[in-house]
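Biologist: I am new to reading structures, and I would like to learn how to describe one feature at a time. Could you take me through this one slowly?

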Amino acid sequence: ALPVMLRVFSRPAMVIGGALVVAASLILFAMGGHWSLQMAIFVAFGFGWFMQHNTIQYEVSEISQEYRGSAYSMHAFFFFTGQFLGPIVY
């Protein structure tokens, strides 16, 4: 699926599209519904997250040969910082 998506969409379009899918999934999940519907919504959420995260991670790996390790560590730092701060801020 990914090679087809990369031929059709640019990387910025994948990040924006992934963000829209994630936002729509969260809105639909908040509306409630049967567990099977919510499971399908989470599958869509995961796909949107995949589109965003992998595109950003690819961009991080292309920054510089010399600073690639630092770029990966900063990416991971901010990713996990957002993971633990999100529930606290909420």
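Biologist: Where is the place of S73?

Modeller: We begin by asking which element a residue belongs to, and in this predicted model S73 has its place in helix α4.

Biologist: Which helix is the place of F79, and is F79 buried or exposed, or something in between?

Modeller: F79 is found in helix α4, which covers residues 68-89, and with a relative accessible area of 24% F79 is partly exposed. If we compare positions again, F79 and H34 lie 45 residues apart in sequence, while the distance from C-alpha to C-alpha is 31 Å.

Biologist: How should I read two helices that come together, and at what angle do the axes of α2 and α3 cross?

Modeller: One looks at the distance between the axes and then at the angle. Here the axes of helix α2, residues 11-30, and helix α3, residues 35-61, come within 8 Å and cross at roughly 150 degrees, which makes α2 roughly antiparallel to α3, because angles over 145 degrees are counted that way. The crossing in which α2 passes α3 is left-handed.

Biologist: How many residues of the contact of α2 with α3 are nonpolar, polar and charged?

Modeller: The contact of α2 with α3 divides into 16 nonpolar, 7 polar and 2 charged residues.

Biologist: How many salt bridges does the structure hold, and which residue forms one with R11?

Modeller: The structure holds 1 salt bridge, in which E59 pairs with R11, with the closest N and O atoms 2.7 Å apart. Since E59 lies in helix α3 and R11 in helix α2, the pair ties together parts that are 48 residues apart in sequence. As for accessibility, E59 is partly exposed, with a relative accessible area of 36%, and R11 counts as partly exposed at 36% relative accessibility.

Biologist: Where does A23 lie, and where is S10 found?

Modeller: A23 lies in helix α2 and is partly exposed, its relative accessible area being 37%; the C-alpha atoms of A23 and W35, 12 residues apart along the chain, are separated by 19 Å. S10, on the other hand, is found in the loop between α1 and α2, and counts as partly exposed at 42% relative accessibility. S10 and F29 are 19 residues apart in sequence and 28 Å apart in space, C-alpha to C-alpha.

Terms used:
Residues are numbered from 1 along each chain as its sequence is written. This is a predicted model: local features need pLDDT of at least 70, side-chain atom pairs count only at pLDDT 80 or more; totals for chains, interfaces and linings use all residues. Side-chain values use heavy atoms; hydrogens and water are left out. Axes are lines fitted to C-alpha atoms, for helices over the stretch in contact, and angles run from 0 to 180 degrees between N-to-C directions. Helices (H or I, at least four residues) and strands (E, at least two) are DSSP runs, numbered from the N terminus. Angles under 35 degrees count as roughly parallel, over 145 as roughly antiparallel, 65 to 115 as roughly perpendicular and the rest as oblique. A crossing is left-handed if the near helix is turned anticlockwise from the far one by less than a right angle, and right-handed if clockwise. Ala, Val, Leu, Ile, Met, Phe, Trp, Tyr, Cys and Pro count as nonpolar, Asp, Glu, Lys and Arg as charged, and the others, Gly among them, as polar. A salt bridge is a side-chain nitrogen of Lys or Arg within 4 Å of a carboxyl oxygen of Asp or Glu. Buried means under 20% relative accessible area, exposed over 50%, partly exposed in between (1.4 Å probe, protein chains only).
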